[in-house]
Amino acid sequence: MAPNIKNIQGDIWPRLPKKYETFLFFEITDVEQFKHELGVFLKHLTTAETAHRLRGKLYEAKWCGLWSQLVETICTNISFSAAGLEKLGKTDLGDSIFKRGMYHDMVHDGLDRDAEWLGEFKGSRGQIDGVFTLAASSEDTVNNWMADGINPRFSKTVRWLFTQSGAVLNKYDIEHFGWKDGVSQPLIKGLDPENTEKLSPGNIHPGYIIVGEEGDTQSHPDWAKDGSFMVFRRLKQLVPEFTNWAVKNIRPQAELPNEGGLKLGVISTLSSRLVGRWPNGISLEEKPAPSDVLTDKALPEDDGQLSAEDRKLLASNNFDFQDIQHQNKCPFASHIRKVRPRAELMRPDGTLDDTHAMIRRGISFGPVTSNEEKRNGVTTHDRGLLFVSYQSNLHNGFRQVQNEWANKTSFPPGKTRNGGPEPGLDPIIGQWAENDDESNFINMPRFDDPSVTEKWKLERCVIAEGGEYFFAPSISGIKDIIGV
Ligand code: HEM
């Protein structure tokens with residue numbers, strides 16, 4: 001049976017429509033009163049059904065050219081940390097990673113660095129019990145809703161700790177390093193249209209994302225059904241430093257003299273191999289780099305306008321790294337191959353093992369990189385990604401992808417079998433321990449001869465500054481928590 005869209009919170013699926021988003025973190029100070037207020041507030045929570053309807057309306061308005069003038073939206077979701085749920089009387093969710101919280105999991109047991117975590121995520125303002133996710137068509141709309149809708153209702157029952165806000169950077173949804181974000185999301189059986197393309201990952205079981213649905217193998221209490229574990233993570237991005245690092249390493253491959261300027265097409269092509277997608281989102285598997293790019297005139301600057309053929313490629317997302325021993329198109333170490341390895345994890349029956357799938361709902365924060373920062377090669381403004389993902393199992397989802405894949409030089413597996421080198425870390429989010437210089441590398445195939453690899457040292461251009469694990473209960477789950 002398809003998951004009940006009247007019961008699921010809308011950021012999990014289909015996603016809250018947004019141009020601007022604020023995460024409002026709170027500590028519960030009066031449990032009984034908070035439960036009462038949440039009961040009254042329930043009608044304002046945006047369910048999957050409402051979000052789906054809203055997105056349809058916005059799509060229509062956009063189609064008619066009315067998007068910015070006429071449509072104002074505000075959507076609200078709520079999630080709780082393990083500490084928050086415990087306060088509310090729920091201690092039986094049964095997920096040890098969730099219970100320990102992100103600080104313990106990522107700093108004590110993982111590779112995040114304590115000194116880089118911001119105090120607010122370590123409890124300096126108070127214990128994070130929960131977070132409101134407020135997604136809207138504009139910053140004013142969010143602020144007005146906080147002032148008139150959220151604050152008066154909850155201010156006597158919680159202590160507001162701090163907020164984190166982000167905005168869609170431009171109409172093409174490009175993240176700070178310059179690539180289109182949010183392109184590839186798993187499609188969910190029973191919710192998204194069935195994808196029958198042969199190569200593409202196809203639709204995954206809803207239970208990989210939504211608790212208690214088909215495919216969820218963990219046991220959970222009844223009240224948790226139709227909820228999902230939410231990961232929130234603040235990732236600072238050092239953009240000019242990242243670009244300079246990429247160019248420094250690309251230069252020898254492009255065989256250009258050090259003082260010579262690199263052509264835009266060369267930079268764009270070779271740095272796209274770090275992500276595995278072109279800046280416009282199309283994968284290098286589906287549209288490999290032209291072989292003459294190193295000698296060629298620069299590619300025209302990407303203005304975000306896609307040809308009909310490219311639009312089709314972007315929508316189909318129809319590739320699977322079938323050629324698992326080769327990296328002629330997409331390097332083993334590229335971000336998308338490290339974090340969603342597709343055919344690298346094929347089951348014996350020929351289907352893809354997508355049990356580690358997660359749905360991403362992040363948003364960028366901070367201003368776009370200024371010309372002065374680009375000129376000086378140094379970041380002076382705070383910017384990055386407020387990474388958000390949903391999964392039914394933290395161990396299988398976020399934790400596996402970050403700790404066991406991105407941070408492990410041997411992943412994707414089996415590449416050393418024929419004497420080849422290890423892929424190395426994920427060039428975007430891979431982390432290594434402070435004194436472990438050995439693990440700090442990616443092996444990049446040469447563009448002109450992919451059978452030859454070069455070892456590049458990474459620089460720390462994405463810095464984990466904190467976060468928390470939350471649980472986003474269903475509407476019936478919230479009713480159970482508050483006892484109505
Ligand atoms: C600042 C940090 C990050 C940046 C700049 C970044 C950038 C990107 C880009 C440009 C894409 C390709 C477009 C798309 O499908 O959305 C992508 C895909 C993806 N990223 Fe990240 N990402 C970051 C952090 C993370 C983290 C922390 C994770 C998980 C631990 C992650 C997991 C994924 C996944 C699963 C995909 C989809 C791959 C696919 O299905 O092809 N990313 N990311």
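A: A definition comes first: a residue counts as buried if its relative accessible area is under 20%. Please note also that this is a predicted model.

Q: Then why is strand 1 described as largely enclosed by the rest of the structure?
A: Nine of the nine residues of strand 1 (residues 20-28) are buried, so the strand is largely enclosed.

Q: And which way do its residues point?
A: Tyr 20, Thr 22, Leu 24, Phe 26 and Ile 28 point one way from strand 1, while Glu 21, Phe 23, Phe 25 and Glu 27 point the other way. All of them are buried.

Q: How many bridges join strand 1 to strand 3?
A: Seven bridges join strand 1 to strand 3 (residues 130-136), and the two run antiparallel. Within this pairing, Phe 23 stands opposite Thr 133 of strand 3.

Q: What about strand 4 and strand 1?
A: Strand 4 (residues 158-167) pairs with strand 1 over nine bridges, in the antiparallel sense. Ser 165 in strand 4 is the bridge partner of Thr 22.

Q: Changing topic: which residues touch the most other members of the largest nonpolar core?
A: They are Phe 25 and Phe 34, in a core of 109 residues. Strand 13 (residues 462-472) supplies the largest share of this core, seven residues. At least three core residues come from each of domain 1 (20-236 + 466-482) and domain 2 (241-354 + 401-461).

Q: Which residues is Phe 25 in contact with?
A: Leaving aside neighbours within four places in sequence, its contacts include Phe 121, Trp 160, Phe 232 and Phe 470.

Definitions and conventions
Residues numbered from 1 in each chain as written. Predicted model: local features only at pLDDT ≥ 70, side-chain atom pairs only at ≥ 80, totals over all residues. Heavy atoms only, no water. Core = buried A, V, L, I, M, F, W, Y, C linked by side-chain atoms within 4.5 Å. Buried < 20%, exposed > 50% of the residue type's maximum accessible area, 1.4 Å probe, protein only. Helix = DSSP H or I, 4+ residues; strand = E, 2+ residues; numbered from the N terminus. Domains from an automatic or database assignment. Contact = heavy atoms within 4.5 Å. Pairing = 2+ DSSP bridges.
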